[in-house]
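Thank you all for coming; I would like to take a few minutes to go through one part of a model with you. Please have a look at it before I start.

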Amino acid sequence: MTALRELRTRHWALAALAAAVAVAAGLAALFATAWGTGLSEGAQRDLRASSADAVVISRPAQDFADNAASAQRVRDAVAHAGSALWHVDALTVSEIFDLPSESNDASTEQTYAVSSAAVRPHAILTAGTWPIFVPGKAIGVAVPESALEAMDLRVGASVSLTDPNSHSSVAFVVTGSFRYADDDPGALTWNQIGMSGVEPSGPTTYFGPLVANPAAFAAGALSTASGTWVLTPATGDQDSATLAAQASALLHSADLAPQNGFTVSSGLPGLVAGIAARTAAGRAQLLAGAILLGVLAGVALAAAAGSLVARSRVQAALLCSRGAPRRTLVSFYVVDVAIVFLFAVGGVLTQSELWGEDFGRAIPSVAWVSGLAVALVASLLLCGRAARTAEPADVAIASGRQSSVPGIIRAGGDIALIALAGVAVWQAGEVGLSTRAANGSGATPVLIVAAAPALAVAAGAALCGRLVGGGARVAEFVARRVRSAPVRLATWELARTPLRYFVPALLCVASVAGCGSLAAQHASRLRSAHDQAAFVNGAQVAVALRQTLPPGEVASVASAPGVIAATPVDEIDIGTGTLVALDAANAASTVALRADLVDGSAAKLWAGLTPSSSQHPVMSGISVPGRPVALGLTGTLTATGHASNIRGDTVSVALTIQDAVGLTYSIPVGQLAPDEAEHALSAQIAPDAKADYPLRIIGVTLGTADKAYKLAISGLTEQVAGGGGTISFPGAAAMAKWTRHNQSTDVMLAPAAGPGLVVPALATDDYLSANGVHIGSTVQLSVNGVSVSALIIATVSAFPALPAGNPDGLIVDLPTLADVVNAGGAELWPSYTWWLDTKSGNAPAALPAGAVATTADEVQANLISDPLSAIPQQALDIATPALVLLAMLGLVTALLAASRDSARRDAVLGALGTTRSQLVGLTCLLHACVIVPAALLGTGLGFLFARVFTPVFVLGADGSPPRPSVMVLLDATWSATAALIIVATTVTVALASCLARTGRFAQFGARG
């Protein structure tokens, strides 16, 4: 009962301590849940969602029996590696079939058949039925619905294809259509065509595959070209390190060695290593936040416990002087300890609501242990302070003049903290957040780096001891020189008791600095996710075409509703890196190239890629006036030598045209007989006049390799929309001077290349260092068999869409490159990729059939929602306001304790005639003089720490530094809000406590 009665005298202090414990316990449980459960489950999600979690084994086969023998060797190797870990899907693959095509160009369309056993578990039938095999009848197949549409077939349709080995016709019938499920991407890694069912590869487009019943292969109705076996984890909770070890064993299995004809591939070891690195980085981020919160929570709990015990220090000192044992002093706080544990339980229960359904409703044991550990620490602090209650003489001495700085600071503790923080910052720059194990199978957080933010904040807060001591000396100087007695006594109060204001100043600096640093990290992470997404995507919207577009359909992409600017993109492997060709005229509006990655002006950079003819003699070809829907020529074909005896033969003729963005097209205009007579040929290019005008004619191709054929062009014609008839335009005379290129299958006429022709190029810094070149160097490239000289005119730090493992890149203007390649007697294949800038940031609603659009916003959303980066950030986002809340609770207890010690000062000032309003104003001014400079110091330190630590703690999707490098954003709003809250709390508490004291004095005077 005595303990309960005592609660009434310290209920406000107990409430502050209990609230601080609830907040700290909840945060401890939150971080422990994220560490123990969140990151582990996030790693499992990433492993299951990745297509790299499979092992793919393949081997060519002579026939079905040979493939069966290979299958047995695979089963034996898997059993030796640990068959319980893997689910095996076996796939039989046929030879390639040519699809019927009506195209006159060199492009081909192909498909192949696979057995259904490995497809059906991971596909959803959308129409018809899965195939069954009936000997002697057409082979039933199911086809991806997108491929079915692209091949212009339907369920029930029949098609005959030629077996390339036997040259016999194989009859197929489409029994059903399906789409792939996305439940296990790794199980579909065998599919070289991809989920869309259509895969362009240069002049060849692959469709399908056709999914047949396995019995068709066993019966020999379908030839067996190879076998593929896909191994995926048998369950979702396998230990990733064990899986990686087993995958590595299969990769190096002697039974599956290349000399036995096997090819084994798997991204699982690299995937596991990457997940381990990202998990370690996430834990380092959580550890950094936990240490920072732990420092602030420790100060707040110590201040609250000290304030609670100080309420009864006089009574406790008297009991101690009468011989009361320490356990008696501690027993007064049994109820307080029970309340502390009760509030800790409440904090743990509250944090589980913050995660929602992410990890279920069950609170993991590690969360309970962490939360109750906070309550235990707070209880030990409380009982320890109670057991060390001072003697009566010590209480009296404590009311006198205090030292100007705490003892630990006098001993050089702040200097040691600053030195330790400096070492931590140095290590952060040297080793990063985590270190990878020597075998590459795991990674661990670096403790000193994780503690760096907390050490830096603690070192900055420790400066308060020096600053408060300096402020006390300034106050004493002021007290000796002012004439106003109230002001003199108030400043003398600060000079006499500076340690009373040390804890509030320390809490203010630590909370504002930590809040500013975490807020900057959050803002910078969002900006980095945006930059990474744009960098991966290449532009705001990237469109991957199923097949190249004819000139009349380019507008469906480049001029689609909502499109502001567009450029086609060609990426060509040149051995020393990647050659990126795009339309430099539209690049500034489309390419996601951040301004700080460019050396100088981006506008001048892109303009430099489009040289004038005076600087670089680039061919102009024949400009086509207006917006024609059809082009034609009048020509004469002659033959000499043995070809002159073959009058009945005809030779195909095609015009090579280039549109405004640099895309080239081969347009067949008809057949010419070598009869030495003029013939008019023509072909439509854009029936709806929706080509990307203006157009140029840059070449003519004869469909024969016979050098005896000569073409003379006497006229060029065009037809405009609206049926206006055929119009002649100049240029035929210039074509007579074009250079003839005799090739293996045809003859090409093209403008002659000027002397010293070079292509201006941008180079990435990685390309310069990898190839030992510099600005002004000329490098030789081979593009479609044509030697191209590229002059490096400028550099960029990095360039979008380059392979992550090969950032060496050269960037050139697509029209210029097309001109140079054309002058060498070759053509650039039309682009399959387009980069767009749209008004809304979304992909155009109407794109060509089969086109796949990816937006930077979608990629950004995936990066932000990735659990291994989202979980630590979510915990740190909650910690940011919690820092302010803990500081507020610590401030309240420290200010209430200071208020009690100020009672005698107020009594003296009241006796000297100071009014109540003057006392209130002096009290608020006194505390503001300490807190406002501390808040400003915390804001400055927060910005400094953001600059130092954000590049270390903001990482890319793979746990490595992001590409492009992170741009640090200083979120002044959070820092200013935190500082205002702290200052407002200080002034409000000081005001309320002063009003309460002066009110009691007034009541006492009235009774007296």
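This is a predicted model: local features need pLDDT of at least 70, side-chain atom pairs count only at pLDDT 80 or more; totals for chains, interfaces and linings use all residues.

Residues are numbered from 1 along each chain as its sequence is written, and side-chain values use heavy atoms, with hydrogens and water left out.

The open sheet has 9 strands with mixed pairing, in the order β29-β30-β28-β31-β17-β16-β32-β15-β33, where strands are DSSP runs of E of at least two residues, helices are runs of H or I of at least four, and both are numbered from the N terminus; two strands pair if DSSP finds at least two bridges between them. At the edges stand β29 (778-783) and β33 (852-855), each with a single partner strand, so one side of each has no neighbour in the sheet. Within the sheet, β15 (residues 541-544) runs antiparallel to β32 (residues 833-838) and is joined to it by 4 bridges, with Val-543 opposite Trp-834 in β32.

Turning to the helices, α18 (residues 502-537) packs with α25 (residues 856-865) at about 130 degrees, the axes being 8 Å apart; axes are lines fitted to C-alpha atoms, for helices over the stretch in contact, and angles run from 0 to 180 degrees between N-to-C directions.
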